[in-house]
Amino acid sequence: MLIQVLFHVFAAILVVAALGVIIARNPVYSALALVMCFITSAAIWLLLEAEFLAVVLVLVYVGAVMVLFLFVVMMLDINLAELRKGFTRFAWLGWLTALAVIVEIAGVVWSRGGLGLDAGRGAVPEPADYSNTLALGSVLYTRYAYPFELAAVLLLVAIVAAISLTMRRRAGLKHQDISRQVAVRRADRVRLVKMDAEKRP
């Protein structure tokens, strides 16, 4: 009974936080709502006895990826007024994309005959010597090795794209010119002035 109550509480928080990611006009607030989504998802995975996935979700996504995302959002200097101006113009495309994702998820669930696991009842207890980390690693690096490598490449491309976006030249910003710094001479930077010594009265 307690597991069912906790599952419904965390599921409600997760749905509200997911709506906050979409509805929030400020990208920083949207990123913070996404952090709440990750934390509540980790709590639901703990109810399913997937401790490794829950810890990885909190440490990697909340502790590293979301911090990087917040830094990128703040460095991009997004014009919020311009962003809100084009929201209604492309809202139909967002609704079509959301509808397509919902249809795909419903099709996968229907074709498999359900989710296959009742989170309200909890997971089946495993033996004491069972390691979900070992089971996950054996599946990830054998059956899903190529998708795993593809995800790593996509993350690398995203990091390079974020760096290239922040390196663009904007008016009023000072940029470093390495070639001019290397070619500098002492005579161009330092001027020696000779003055006669003065005595105080």
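pLDDT is the predictor's confidence in each residue, on a scale from 0 to 100.

**View 1. Confidence along the chain.** This is a predicted model. The chain has a mean pLDDT of 79. Of its residues, 82% reach 70 or more. Among the elements, helix α1 (residues 2-23) has the highest mean pLDDT, 89. Helix α4 (residues 80-85) has the lowest, 62. Where pLDDT is low, predicted coordinates should not be read in detail.

**View 2. The aromatic pair of Phe 38 and Tyr 61.** A search of the whole structure finds 2 aromatic pairs. One of them joins Phe 38 and Tyr 61.

View 3. Tyr 61 has 39% relative accessibility. That value lies between the cut-offs of 20% and 50%, so Tyr 61 counts as partly exposed.

**View 4. The aromatic pair of Tyr 141 and Phe 148.** Here the ring centres are 5.3 Å apart. The planes stand at 70 degrees. Edge-to-face means over 60 degrees, so this pair is edge-to-face. Tyr 141 is exposed, because its relative accessible area of 53% is over 50%. Phe 148 has a relative accessible area of 32% and is partly exposed.

Notes
Residues numbered from 1 in each chain as written. Predicted model: local features only at pLDDT ≥ 70, side-chain atom pairs only at ≥ 80, totals over all residues. Heavy atoms only, no water. Phe/Tyr/Trp six-rings, centres within 6.5 Å; stacked < 30°, edge-to-face > 60°. Buried < 20%, exposed > 50% of the residue type's maximum accessible area, 1.4 Å probe, protein only. Helix = DSSP H or I, 4+ residues; strand = E, 2+ residues; numbered from the N terminus.
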